[in-house]
Amino acid sequence: MKKKIRFVAAMTLVALALLSTRYYMVDLPVWHFFGGGKGPDPVTLHLQGEFVESNLGLAEGPAGSLTVRMIAQQFVFVPQCIVVPAGVRVRFRITSADVVHKLSFLGTEYGLTAVPGEVTEATFTFPRSGRFKIPCHEFCGAGHYAMRGQLEVVPQDQFASLRPGERRNCEPR
Ligand code: CUA
């Protein structure tokens, strides 16, 4: 009898531990269904609001402020390649269209977590130019290991000479 109780207790703990790391899979759709949450709805992300396709990538605000908007989804980042000037503060705003993804800018100390139904915001300054891979660091499904984007940090004068479309993202065109 005691053994049984111990077993049930252990299983309950395991279930709770799993739920605590995967809560968003259950909670968020229900939460959004009842109209909760101020963040973007993962389902309509591409169709309306801040994260429509034409608004993704780097945008230049008044006074030269720079904002990068990205979507993480199984199993790509959109856009796949972003370009920013070195030594300049860049604000990142990212959300997810499905599950939680984590991007790390390999070779730098920076990272971001993309959560469905929420916008994660952070401001980074990349001191030196170079190419940095952006692998996904949160297991997000079968294609997780192939999920990677790219960050190109270029000198400021080179960035200034790019055409607006080339600043928005650096995807092959
Ligand atoms: Cu996205 Cu792993």
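The protein chain contains three helices and ten strands, where helices (H or I, at least four residues) and strands (E, at least two) are DSSP runs numbered from the N terminus. This is a predicted model, in which local features need pLDDT of at least 70, side-chain atom pairs count only at pLDDT 80 or more, and totals for chains, interfaces and linings use all residues. Residues are numbered from 1 along each chain as its sequence is written, and side-chain values use heavy atoms, with hydrogens and water left out.

**Overall composition**

Read from the N terminus, the order of elements is α-β-β-β-β-β-β-β-β-β-β-α-α. Of the 173 residues in the protein chain, 40% are buried; buried means under 20% relative accessible area, exposed over 50%, and partly exposed in between (1.4 Å probe, protein chains only). Contact means heavy atoms within 4.5 Å. Among the contacts with a separation of 6 or more, 58% join residues 24 or more positions apart. The accessible surface of the chain is about 10,200 Å², and carbon and sulfur atoms contribute 60% of that surface. Such areas come from the Shrake-Rupley method with a 1.4 Å probe, and for residues only the protein chains shown count as cover.

**Strand pairing**

Strands of a sheet pair through backbone hydrogen bonds, either parallel or antiparallel. Here, two strands pair if DSSP finds at least two bridges between them. Strand β10 covers residues 148-154, and its residue Q150 stands opposite C81.

Strand β5 takes part in two further pairings, with β2 (residues 66-73) and with β8. Six of the eight residues of β5 are buried.

| Strand pair | Sense | Bridges | Residues opposite each other |
|---|---|---|---|
| β4 and β10 | parallel | five | C81 and Q150 |
| β5 and β8 | antiparallel | six | R89 and T125 |

**Aromatic residues**

Rings of Phe, Tyr and Trp (its six-membered ring) pair if their centres lie within 6.5 Å; planes under 30 degrees apart count as stacked, over 60 as edge-to-face and the rest as tilted. The count by this rule is nine aromatic pairs. F92 and F126 form an edge-to-face pair, with 6.2 Å centre to centre and 80 degrees between the planes. Because F92 lies in strand β5 (residues 89-96) and F126 in the loop between β8 (120-125) and β9, this pair ties together parts that are 34 residues apart in sequence. Both F92 and F126 are buried.

The rings of F124 and F126 have centres 6.2 Å apart and planes at 70 degrees, so this pair is also edge-to-face. The relative accessible area is 7% for F124 and 1% for F126. One aromatic cluster is formed by F92, F105, Y110, F124 and F126.

**The surroundings of F51**

F51 is located in the loop between α1 (2-33) and β1 (57-60). With 2% relative accessibility, F51 counts as buried. Leaving aside neighbours within four places in sequence, the contacts of F51 include P40, L45, M70, R93 and V119. The C-alpha atoms of F51 and R93 are separated by 9.4 Å, and these residues are 42 residues apart along the chain.
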